[in-house]
Structures are given as C-alpha cells and as structure tokens.
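Work through these exercises with the sequence and the 3D view side by side. Try each task before you read its solution.

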Amino acid sequence: MAKPKILLDSDVIRHFLKGSRILDLPKIYPEQLALLDIVKSELCRSRQLQIPVNNFLSMCKIEQISFPTHNMEIMREYAALRKRFGDGESACMALARFESHFIASSNLIDISAYCEQHGIVYLTTMDVLVEGLNKGIMTEGDCDAFIKRVKEKGSKLPVDSIREYMGKKS
C-alpha cells in the first residue's frame with residue numbers, strides 16, 4: 001500500500017531552507033512529499049525564495065500538485081477555511097481532509113484543532129527532525145545546529161535542542 005502524501009506548508013520549507021537542511025527532507029520522507037501550487041505561489045512571493053524553492057522542487061523531484069478547482073467539495077471547504085486561515089494552510093487542510101493526505105506544518109495554532117477534528121495526521125518541523133534523527137539522516141548535533149540556525153534567522157521553534165523536544169513528547 002502506498003504511503004500517504006505529505007503536503008508541505010510554507011513554514012516547514014522556510015525552516016529547512018533557513019536551517020540549511022532542505023535536501024534532507026526527501027531523504028527523511030522519500031517519495032511522500034508534495035507541494036501544492038498555492039503553497040508554491042505563497043513561498044515564491046518572496047523573491048529571495050524563488051530560486052531556492054524551484055531548485056528544491058527540481059533537484060529533489062518533489063511532486064507538485066495543482067489545487068483541484070474542479071472538485072466542488074474541496075473548493076467549498078477551501079473557501080470556508082480561507083475565512084480564518086492563510087491560503088497555504090487552507091489549501092493543505094482542505095485537500096488532506098478529502099484525499100487522506102498528511103500535512104507538514106508548524107502553524108499549530110491554525111491547523112491542530114481542524115486536523116484533530118477531521119483525523120488528519122500532521123507533522124511539525126520538530127517531528128520531521130525527530131524522524132530524521134531516528135532514521136540516522138541527522139545526528140543530535142545536526143538537529144541542535146538546525147534549531148539554532150533557524151532561530152537565529154528569526155523563525156520560532158518550541159525548544160532549543162532536539163533532546164528537550166523529545167523529553168516534552170514523552
């Protein structure tokens with residue numbers, strides 16, 4: 001049975017770009033990652049992200065998905081979600097709900113209640129790091145350096161070390 005697609009939200013991609021580990025994402029989740037055109041457009045509004053995002057997609061052969069505007073059920077859900085959330089989160093949540101995909105997003109305030117209500121699996125940047133550590137793709141030192149770099153570049157993560165995060169999860 002094929003593994004579900006993991007729809008990448010813009011914040012996770014930004015974190016992995018800032019943490020200089022973007023090429024590890026497809027190693028951690030081989031052949032599972034996908035990027036919606038709406039999320040790509042959201043990312044590429046920033047000129048400085050256009051080249052890194054396009055390089056990531058082409059070099060890593062990340063599946064790009066066109067939002068299914070022909071599916072009225074998904075479109076209605078997207079329109080309702082857009083009243084409360086951003087374009088990317090709304091698109092990921094609507095598609096994941098009706099096509100049984102997972103979501104990779106660290107916008108827990110926005111997505112957690114909706115995902116739990118509809119049985120959608122979601123992964124945060126920290127969950128991805130733990131998976132990278134568990135698969136031997138990253139070391140504890142790699143994870144801690146990643147967290148430090150991402151925070152130094154102005155993004156928020158809930159902890160200062162992978163050990164601290166894993167302690168909170170248990």
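**Exercise 1. A loop residue**

Where is the place of Lys-61? Describe its backbone and its exposure as well.

Solution. Keep in mind that this is a predicted model.
- Step 1: Find the place. Lys-61 sits in the loop between helix H4 (47–59) and E3.
- Step 2: Check the backbone. Lys-61 is not a glycine, yet its phi is positive, about 50 degrees.
- Step 3: Check exposure. A residue counts as exposed over 50% relative accessible area. Lys-61 has 70% relative accessibility, so it counts as exposed.

**Exercise 2. Two further positive phi values**

Describe the positive phi values of Ser-20 and Ser-100.

Solution. 
- Step 1: Take Ser-20. Its phi is near 55 degrees, a positive value in a residue other than glycine.
- Step 2: Ser-20 has a relative accessible area of 51%, so it is exposed.
- Step 3: Turn to Ser-100. This residue comes just after H6 and has a positive phi of about 55 degrees.

**Exercise 3. Building the sheet**

In what order do the five strands of the open sheet lie? Then trace the pairs around E2.

Solution. 
- Step 1: Read the order. The strands run E3-E2-E1-E4-E5, with parallel pairing.
- Step 2: Find the edges. Strand E3 (63–65) and strand E5 (122–123) each have a single partner strand, so one side of each is left without a neighbour in the sheet.
- Step 3: Pair E2 with E3. Strand E2 (residues 33–36) joins E3 in the parallel sense over three bridges. Ala-34 stands opposite Glu-63 in E3, and Leu-35 stands opposite Gln-64 in E3.
- Step 4: Pair E2 with E1. Strand E1 (residues 6–8) runs parallel to E2, joined by two bridges. Here Leu-7 stands opposite Ala-34 in E2.
- Step 5: Look at the two faces of E2. Both are covered. Leu-33 and Leu-35 lie on one side, Ala-34 and Leu-36 on the other, and all are buried.

**Exercise 4. Salt bridges**

How many salt bridges does the count come to?

Solution. Side chains of opposite charge can pair when their charged atoms come close.
- Step 1: State the cut-off. A side-chain nitrogen of Lys or Arg must lie within 4 Å of a carboxyl oxygen of Asp or Glu. The count comes to 11 salt bridges.
- Step 2: Take Arg-21 and Asp-24. Their side chains meet at 2.5 Å, N to O. Arg-21 and Asp-24 are both buried. A network of salt bridges links Arg-21, Asp-24, Lys-27 and Asp-142.
- Step 3: Take Glu-77 and Arg-97. Their salt bridge has an N to O distance of 3.0 Å. This pair links distant parts of the chain: Glu-77 is in helix H5 (residues 72–82) and Arg-97 in helix H6 (residues 87–99), 20 residues apart. Glu-77 is buried, with a relative accessible area of 15%. Arg-97, at 32% relative accessibility, counts as partly exposed.
- Step 4: Take Lys-148 and Glu-152. Their closest N and O atoms are 3.2 Å apart. The two residues are four residues apart in helix H9 (residues 140–152), so about one helical turn separates them. Lys-148 is exposed, with a relative accessible area of 53%. Glu-152 is exposed too, at 56% relative accessibility.

**Exercise 5. Helix H6**

What distance does H6 reach from its first C-alpha to its last? List its buried residues.

Solution. 
- Step 1: Compare the spans. H6 has 13 residues and reaches 18 Å, close to the 18 Å expected at 1.5 Å a residue.
- Step 2: List the buried residues. They are Gly-88, Glu-89, Ser-90, Ala-91, Cys-92, Met-93, Ala-94, Leu-95 and Ala-96.

**Exercise 6. The largest pocket**

Which residues line the largest pocket? Sort the lining by class.

Solution. 
- Step 1: Note the space. The largest pocket holds about 180 Å³.
- Step 2: Name the lining. It consists of His-15, Ser-106, Leu-108, Thr-124, Thr-125, Met-126, Lys-156, Leu-157, Pro-158, Tyr-165 and Lys-169.
- Step 3: Find the helices. Helix H8 (125–134) and helix H10 (162–169) each supply at least two lining residues.
- Step 4: Sort by class. The lining has five nonpolar, four polar and two charged residues.

Technical notes: Residues are numbered from 1 along each chain as its sequence is written. This is a predicted model: local features need pLDDT of at least 70, side-chain atom pairs count only at pLDDT 80 or more; totals for chains, interfaces and linings use all residues. Side-chain values use heavy atoms; hydrogens and water are left out. Two strands pair if DSSP finds at least two bridges between them. On a 1 Å grid over the protein atoms alone, a cavity is a set of points where a 1.4 Å probe fits but cannot get out, and a pocket is an open set with protein on both sides within 12 Å along at least five of seven lines; lining residues have an atom within 4 Å of a point. Grid points are joined across faces, edges and corners, and a volume is the space filled by probe spheres set on the points. Ala, Val, Leu, Ile, Met, Phe, Trp, Tyr, Cys and Pro count as nonpolar, Asp, Glu, Lys and Arg as charged, and the others, Gly among them, as polar. Buried means under 20% relative accessible area, exposed over 50%, partly exposed in between (1.4 Å probe, protein chains only). The expected span of a helix is 1.5 Å times one less than its number of residues.
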